[in-house]
Structures are given as C-alpha cells and as structure tokens.
Amino acid sequence: MATIDLNSDLGESFGTYKIGNDAEILSIVTSANIACGFHAGDPMVMHKTVNDALACGCAIGAHPGMPDLVGFGRRKLEISPDEAYAMVIYQVGALSAFIKAAKGKMQHVKPHGALYNMAAKDAPLAEAIAAAVYDIDPKLILYGLAGSELIKAGEAKGLKTASEVFADRSYQKDGSLTPRKLPGAMITDEEKSLQQVLGMVKEGMVKTLDGKIIPVKADTICVHGDGAKALAFSRKIKTALEESGISVSSFK
C-alpha cells in the first residue's frame, strides 16, 4: 500500500495574536512543522504547540524562517549562506529544547516561506541549510519542494529527504510554486485541488498553471489550517487519499 505524510505549518500565533486552528488541524495531519520564533511563534506558543502535537501523536518538525515577523517570513531578505546556516541552527536549537523538555523527539526540518522558496532555486543557500540540519542531527529528515535544490542538497549531504507537494498551490513548468502575488497561485476549487493531490500521489504528475503536465515526487503533502474552510477541506483530502487505498502516516 502506498503511504503519504500529511503536514501542516503550526505554532504561528504570537503574543495575543492567534493565527490558525492548530488544535483542530493536529487531529488531521501526521506531521507538524512548528514555527521557531523568527517569522512567527514565541516561547509560550512553541511550548504549547510541541506538547499538543505530542499529545495527538503527530511527528514534530522545526519550521525555521526569515527574521521577519511583520512580513510573516514571506519577504525575500538578502542573506548569505553563512547567515542561513546560523539562522537554521539557532531556530532548530530553540525548538529542540522544547521537544526535549517534553520528552519528545524531532523528526524533521522544513524551512518556511521565503527561506523555503529561495532555497528551492539557490544551490549555495540550499547547501547551507542542509549542512545546518546535518550538523544538528544527521538523522533528521529535510523537507523541501519536490525537485528543488534543497532536496538535491539534502541528498548530497546524506540526509533523508521528503519531497513536498501542495494541495492548494499551482505549479510552474519548472516545478516551482506560482508566486502568491500572481493570479492563480492559490487553488480555491476543492475538486480541482483534490484531483491535483491524487494525481501527484498516485501518478507522480501535476498539471501546471499553463496546462502542461510535469513529473513530481510526493512524499508529504502540505495542508493549511488557517482558512475559513481549511479544516473541512483538509479532512476531505485525508479521506480521499484513504479511500484511494493510500495510507496516511508520518515517517516515524
């Protein structure tokens, strides 16, 4: 039976600002990517999200991003590979302490937002991130966009990698995600999104925004829990996968 991981970006509240539906989405997904304080999250949020994820049996990953709370880590910052290395070490280390205190174990690392998208195309940046993850723990899994420089860098470093695909994002012909600022970047039609997910998982193919069919490897699917219909749709995705004979579980 084919198996797929279902992940979501969580712990993105900050102080009195609540973002997302973490408690609800944790009952659906199998892996949680927890913000580490740079683009979102704070010590109290990190502490609570780690404990909630462990209580639900979700595998936990660090979700390091750019030091940009105002821009939610989605704005490109000019950083060097050395800076990227240090940022990842710093953030993963912070979340690791909360996981250790809760008697848990970290499964993976998945960069966030601009850091993720930049590393998908920038080989030196990707190599720095992969090196940071490896130096922290060579047993960690590196999550990255399927077919990206980040996946290549992780494999070259000797890390186990997880090729990630997206249920609600459209693709470009080079396999990259359509930038959010462009029309058609987000897929709002649920049936279209479900068909995209099943095509990527079962057939290893995806239709790009301009109608081309390209190959894609799917080890893990990212779903979001912060939209009005996001929770119900995430459940639909999980149900559709299971009804198609695909097991949904984390890598642990």
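Is lysine 110 buried or exposed? At 2% relative accessibility, lysine 110 counts as buried, because the cut-off for buried is under 20%. The views below come from a predicted model.

**View 1. A salt-bridge network links Asp9, Lys110 and Glu164.** Aspartate 9 pairs with lysine 110, with the closest N and O atoms 3.0 Å apart. Aspartate 9 sits in strand E1 (residues 3-10) and lysine 110 in the loop between strand E4 (106-109) and H4, so this pair ties together parts 101 residues apart in sequence. Aspartate 9 is buried, as is lysine 110. Lysine 110 also meets glutamate 164 in a salt bridge (2.7 Å, N to O). Glutamate 164 lies in strand E6, so this second pair joins parts 54 residues apart in sequence. Glutamate 164 has 0% relative accessibility and counts as buried.

View 2. Glutamate 149 is partly exposed, at 25% relative accessible area. Lysine 152 is partly exposed too, at 47%.

**View 3. Helix H4 (residues 113-121) is largely enclosed by the rest of the structure, because seven of its nine residues are buried.** Among the buried residues are Leu115, Tyr116 and Met118. Their cover includes helix H5 (123-136), strand E5 (141-145), helix H6 (149-157) and strand E6 (160-166).

**View 4. The largest nonpolar core has 71 residues.** Those with the most contacts inside it are Leu95, Ile129, Ile221, Ile237 and Leu241. H5 gives the most to this core, with seven residues. Leucine 95 touches residues including Ile34, Met46, Val50, Ile60 and Met106.

Note on methods:
Residues are numbered from 1 along each chain as its sequence is written. This is a predicted model: local features need pLDDT of at least 70, side-chain atom pairs count only at pLDDT 80 or more; totals for chains, interfaces and linings use all residues. Side-chain values use heavy atoms; hydrogens and water are left out. Buried means under 20% relative accessible area, exposed over 50%, partly exposed in between (1.4 Å probe, protein chains only). Helices (H or I, at least four residues) and strands (E, at least two) are DSSP runs, numbered from the N terminus. Contact means heavy atoms within 4.5 Å. A nonpolar core is a set of buried Ala, Val, Leu, Ile, Met, Phe, Trp, Tyr and Cys residues joined through side-chain atoms within 4.5 Å. A salt bridge is a side-chain nitrogen of Lys or Arg within 4 Å of a carboxyl oxygen of Asp or Glu. Lists of a residue's contacts leave out its neighbours within four places in sequence.
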